[in-house]
Amino acid sequence: MGLCASRDDDDDSSAHYIMADGNVHLITTIAAWEEKLMLANQQDKIIIANFSAAWCGPCKMIASYYCELSRKYTSLMFLTIDVDELPDLSTSFDIKATPSFFFLQNGQEIDKLVGSNKAELLKKITAIVDAQGRPF
């Protein structure tokens, strides 16, 4: 499963919304979250954590774009957390709206974007990649 929007020609219900795909990892447990944090630290990767919800229209609208970005910027770790599945984690990040994107380095927040603004998301990602001085 991934974070790309998927749609059947006969049915556009939220049941066809996929939370993660490609290089996007769906986080469904605290253990999985902690494992990805540890792995990102070991690999010196910056995490982009997308706090999303299956019922959220803007989340669905940006899902396929987030998936595209994950395929292009492989030096970053792209995660998706469903706020309804992990309410404690969402609360710890003080999520007030979805989607909310958190940029984490060594487990610490270095940037944040609230909302489904594609241009702003790309701008923040390219700034981080440029600052790293590494290829995508």
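Me: In E3, which residue is the bridge partner of Ile27?

Reply: Strands of a sheet pair through backbone hydrogen bonds, either parallel or antiparallel. Here, the partner of Ile27 in E3 is Ile81. This is a predicted model, in which local features need pLDDT of at least 70 and side-chain atom pairs count only at pLDDT 80 or more, while totals for chains, interfaces and linings use all residues. Residues are numbered from 1 along each chain as its sequence is written, and side-chain values use heavy atoms, with hydrogens and water left out.

Me: How many bridges link E1 and E3, and in which sense do they pair?

Reply: Strand E1 (residues 24-27) and E3 are joined over 4 bridges in the parallel sense. Two strands count as paired if DSSP finds at least two bridges between them. The names themselves are DSSP runs numbered from the N terminus: helices (H or I) have at least four residues and strands (E) at least two. On E2 (residues 46-52), 7 bridges connect to E3, and these two strands also run parallel. Asn50 is the residue opposite Thr80 in E3.

Me: In what order do the strands of the sheet stand?

Reply: The 5 strands follow the order E1-E3-E2-E4-E5, in an open sheet with mixed pairing. E1 and E5 (108-114) are at the edges with a single partner strand each, so one side of each has no neighbour in the sheet.

Me: Is strand E3 enclosed or open to the outside?

Reply: Accessible area is the thing to look at: a residue is buried under 20% relative accessible area, exposed over 50%, and partly exposed in between (1.4 Å probe, protein chains only). In E3 (residues 76-82), 7 of the 7 residues are buried, so the strand is largely enclosed by the rest of the structure.

Me: What does Met77 touch?

Reply: Met77 is a residue of strand E3, and its relative accessibility of 5% is why it counts as buried. A contact means heavy atoms within 4.5 Å. Leaving out residues up to four places away in sequence, Met77 touches His25, Lys36, Leu39, Ala40, Gln43, Lys45, Ile46, Ile47 and Ile48. Take Ile48: it is 29 residues from Met77 along the chain, yet their C-alpha atoms are separated by 6.1 Å.

Me: Which residues of helix H1 are buried?

Reply: An α-helix has 3.6 residues a turn, so residues three or four places apart point the same way. In H1 (residues 30-42), the buried ones are Trp33, Lys36, Leu37 and Ala40. They span an arc of only 100° around the axis, which places them on the same side of H1; the arc is that of the directions from the helix axis to the C-beta atoms. The face turned away from that buried side carries Ala31, Met38 and Gln42, which are exposed.

Me: What do the buried residues of H1 pack against?

Reply: Their packing partners are E1, E2, E3, helix H3 (87-92) and strand E4 (100-105).

Me: In H4, which residues are buried?

Reply: Six names to find on your display: Leu121, Lys124, Ile125, Ile128, Val129 and Gln132. Around the axis they cover an arc of only 130°, so they sit on the same side of H4. Turned away from this buried side is a face with the exposed residues Ala119, Lys123, Asp130 and Ala131. The cover over the buried residues of H4 includes E2, H2, E3, E4 and E5.

Me: Is Gln132 buried or exposed?

Reply: Gln132 belongs to helix H4 (residues 118-132), and with a relative accessible area of 18% it is buried. Its contacts, not counting residues up to four places away in sequence, are Asp44, Ile46, Ser75 and Leu76.
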